[in-house]
Structure formats: structure tokens, C-alpha cells
Amino acid sequence: MSQATIEPETKNSTWAERWQGRAAAARHAPEWVESLREQAIDHFIRSGFPTTDAEDWKYTNVAPIARSTFELATRETSDGLTAEHIAPFDYPEATRSKLVFVNGIFRPELSSTEALPSGVVVANFGDAFAGEHETVLREHLARGAKADEGGFNALNTAFLGGGAFVLIPPDARVEPPVHLLFLSDANDKQHASFPRVLVVAGRNSSATIIESYATTKNEAVYFTNAVVEINIGEGARLAHYKVQRESERAFHIAETWADLGRNASYDVTTITLGGELSRHGITVRLDREGAECWVDGLYLVGTGQHADTHSLIDHLKPHCTSHQTYKGILDGKSRAVFNGRVFVRRDAQKTDAYQSNKNLLLSNEARVDTKPQLEILADDVKCAHGATVGQLEEEELFYLVSRGLHTELARNLLTYGFAEELVEKIKIDSIKRQLDEAILNRLHATLEA
């Protein structure tokens, strides 16, 4: 196996040395996968982690990740959990349609796909590489989230190993949601994991994906670097929920990339609750006529948390529609960043694009930097965007208190009402209940009188 040239003096030599050790142990992947890994580590060695000098990272400093020493998770550090341990992180709707990864390592004994219809593939990458679907993997893997487009993408691809491959055949209707659970079970050492997901939805198919991140130890320090690539065929419909509930001291960096076929539909909702520092970059390409997407999210952060969302909705062809609504609730000394870009290219006539970012500050110490952007090169379009940052309306609060509600309960009702638009959009009851509970826990309250 060939090896990337590594200079030990480089500031990224620690990761490069770990890559060498991991690469030497990886003997079962196809040659093209090894080539991807090698190219990726070469790029990371050259580029390293982004800094605040880069415009896209101006408000998010990842120096704490760059200077920390994270150990690579191993099978030995991932084998301690049983089905009883992971039960609190299950969704009842997907108990027999799930893959479970602990510290980035696939755990087949905790996974179950028996509820999925024949022809639907939900498998670990290691199994998929050795199976009949290698051609599909080779066609789509690292084609959207390219390793040479950012240090975190490069690092994830360099350590590509375990991960989830989902293949929905043409015309298939997958009723149970497919749950991809990435669980961190930290020990005394700070570990790093590199989840990778590839979803290929065939023509006229429909499915729902739940991508969730959680931890067994809420004070643990660890690093999750995730990349998700989604290809949606002509006329296919995909609903996608990302639920991020990492520990309060974790680092979570993620990239989602979706490419939509003609008349395809993609509906993604991102819930951000955990992490000391979290960043989600999402790119949606509407490169076929008639494609439509909903790119929505809710971030709920408190003291010591920093949540960053960067999105790009790229309209390349005519008659495409995009809707984006992101809301943030910030309490204590917290910070959020929203940078949403809608790009309408010259050929994308008849585009209909809407973008909104609204933020509710529950504390005078909370801060948000919001920058919704429209870049329009076509002339026959309907586009709108906007952003708001504010606190609870005093008139609304006064009205509820004057009707006999306790002041704290009135504040909680108004705060919950702010988030309700996105909560009610969720079609999976267990996720909706989980989000309700998370919001109320953050408010230290219930909605009872």
C-alpha cells in the first residue's frame, strides 16, 4: 500500500502519524478507497484546520480542537455497551431499522434492519465495500463533500472506515424511518470519531432518515467529525432529521451535502442541542428542473455553548423551489452563528426561494451573528430573505400575566411558542417529544399552571 509523504515537522504531524498507524491496519478496503484516504491526508497536511482568518470561519474558532490531543477510538474502547445501555437513545419507530455506531465503530449486535423491505440496503461501509454495491459507492462517495474542500472534510475522508451506507432502490417505499445512531461512550481519554454516511435514493423512491448523535456521559470531552452525502434521484422524496445531543463539553463538526434530481424533494430538519462547540455546514444543489427542498433547523444553546450553522442552497436549473427557516433560542452566556446563502445562477429562471433566520435571546449576555444572503444572477425569480434578533415581547408577556399566569410560566409559554413552528413540523412523534422535553428542561419548567 502506498503512503502519503509526511513531514514530521508539520503542525499537523500528530494527525498524520495517527493516519499512518490506522492506514497500516486497514487491509480490506478497495484500492480506490485507499487512494481517497491518501489524497485526503495529503490535503489535510497542507491545509490543516481552518482559522478565523477565513471568512467562513470568522466567528468560530476551532483552535481548541487543533491544539487538543484526541485518541482514535478503537474496538476495545467501543465494546462496553449493551442493548440496555442504548435503549434511552432509541426511537420506537425505528427499533428494527437502525444501525448503531459507538465511538464511530459499527456495532452489529446492537443494530437491526429486519423491518426494512427487500432490496433496501442499510449497511456498514466495511460490509458494503466487500459486497455487490461497490460500484454505487465508488460513483457517489466523496463526490459531493470533497476532501480538498476544507480541512475537516479532508480529515474525515482520511480516516474513512466505518460508516453507514443507505441504498433505496427505485420505486421503493420505506415506511419505517432508518435510524443511524452515533453514540459516544467516552473513557478517561479524549477520543475522536469520524462518522461517514452515504445515502442514495433511487428514482421515485421515498424514505425517512434519522441521523442522531448522543453521549452516555454528559461531561465528557471528545471530538466528532461527521460527513453526510445524499443523492436523491428523479421524483424521489427524502425526509431527513439530524438530532445533535452531544455532551456539553464535546466538539461536533459536521458537513451535509445533498444533490437533488429532477422533481426530487428533500426535507431536512436539524436540531442542535449539545456541544460546547458545534458547527453544521449544509449544501443543497438543485441541479435538475422541478427540484424542491426544505432546509430547516432549531438551535437551543446555553452558557458555554457555541453553535454555528452555515448553509448554501444552490439553484442551478429553472423551476426549482427552496424554503429555509432556522430559529435559535439562546440563554446565559452563549453564542450562535447563522450564515445562510441562497445562490441563484444565471440559468435558474423561475426560481422560488425563501429564507428566514429568527433568534430569541433570553439573556443579555447571549450573542448571535446572523447573515442571510441572496445572490441572484437570474432575472425572473421570486426570492425573499430576512433575519431577526430580539427578546420576548413585553406586551405579550404583560398580556399573559394580566390574565392570571405566573410571570415565569408566561415567559416559558412564549419561548415554547417561538420554537413551536419547527417542533410541529416534525413527523416522528418520539423526536417531537424529545425536543419538547429538551426545550422545557432548558427552561427548567413545565407548561403546567
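Which elements each supply at least two residues of the lining of the largest pocket? Point 2 takes this up, after a word on the basis of the values.

1. Basis. This is a predicted model, in which local features need pLDDT of at least 70 and side-chain atom pairs count only at pLDDT 80 or more, while totals for chains, interfaces and linings use all residues. Residues are numbered from 1 along each chain as its sequence is written, and side-chain values use heavy atoms, with hydrogens and water left out.

2. The largest pocket. The elements in question are H7, strand E10 (223-232), strand E12 (251-260), E14, E16, strand E18 (335-344) and strand E20 (367-376), each of which supplies at least two residues of the lining. Helices (H or I, at least four residues) and strands (E, at least two) are DSSP runs, numbered from the N terminus. A pocket here is an open set of points on a 1 Å grid over the protein atoms alone, with protein on both sides within 12 Å along at least five of seven lines, whereas a cavity is a set of points where a 1.4 Å probe fits but cannot get out; lining residues have an atom within 4 Å of a point. Grid points are joined across faces, edges and corners, and a volume is the space filled by probe spheres set on the points. The largest pocket holds about 930 Å³ of space, and of its 42 lining residues, Asp56, Glu255, Arg279, Thr283 and His310 lie nearest its centre. By class, the lining has 14 nonpolar, 13 polar and 15 charged residues, where Ala, Val, Leu, Ile, Met, Phe, Trp, Tyr, Cys and Pro count as nonpolar, Asp, Glu, Lys and Arg as charged, and the others, Gly among them, as polar.

3. The largest cavity. The count comes to three cavities of 30 Å³ or more, and the largest of them contains about 60 Å³ of space. Its lining includes Lys242, His252, Arg279, His280, Tyr299 and Asp308, and strands E11 (237-244), E13 (265-272), E14 (277-286) and E16 (306-315) each supply at least two of the lining residues. These divide into two nonpolar, seven polar and three charged.

4. The second largest cavity. With a volume of about 40 Å³, this cavity has among its lining residues Asn103, Phe182, Ser193, Tyr213 and Glu246. Strand E6 (residues 178-184) gives the largest share of the lining, three residues, and the lining as a whole divides into four nonpolar, five polar and one charged.

5. Aromatic pairs. A search of the whole structure finds 17 aromatic pairs, taking rings of Phe, Tyr and Trp (its six-membered ring) whose centres lie within 6.5 Å, and calling planes under 30 degrees apart stacked, over 60 edge-to-face and the rest tilted. The rings of Trp15 and Phe159 are edge-to-face, because their planes stand at 70°, with centres 6.0 Å apart. This pair links distant parts of the chain, 144 residues apart, with Trp15 in helix H1 (residues 13-25) and Phe159 in the loop between helix H7 (151-158) and strand E5 (164-168). Phe159 and Phe194 are stacked, because their planes are at 15°, with ring centres 4.9 Å apart. Phe159 is buried (under 20% relative accessible area, with a 1.4 Å probe and protein chains only; exposed is over 50% and partly exposed in between), at 4% relative accessibility, and Phe194 is buried at 8%. Trp15, Phe159 and Phe194 belong to a cluster linked by ring pairs, which also includes Trp57, Phe223 and Phe251.

6. Charges over rings. Arg279 lies over the face of Trp57, at 3.6 Å from the ring centre, and Arg341 lies over the face of Phe343, at 4.9 Å; the rule asks for NZ of Lys or CZ of Arg within 6 Å of the ring centre and within 35 degrees of the ring normal.

7. Single residues. Asn103, in the loop between strand E2 (98-102) and strand E3 (105-106), has a positive phi of about 55° although it is not a glycine, and is buried at 3% relative accessibility. Ala142 likewise has a positive phi, of about 65°, and is found in the loop between helix H6 (134-140) and H7. Thr415, in helix H9 (residues 407-425), is buried at 2% relative accessibility and touches Ile329, Leu360, Leu362, Leu392 and Leu443, not counting residues up to four places away in sequence, where contact means heavy atoms within 4.5 Å.
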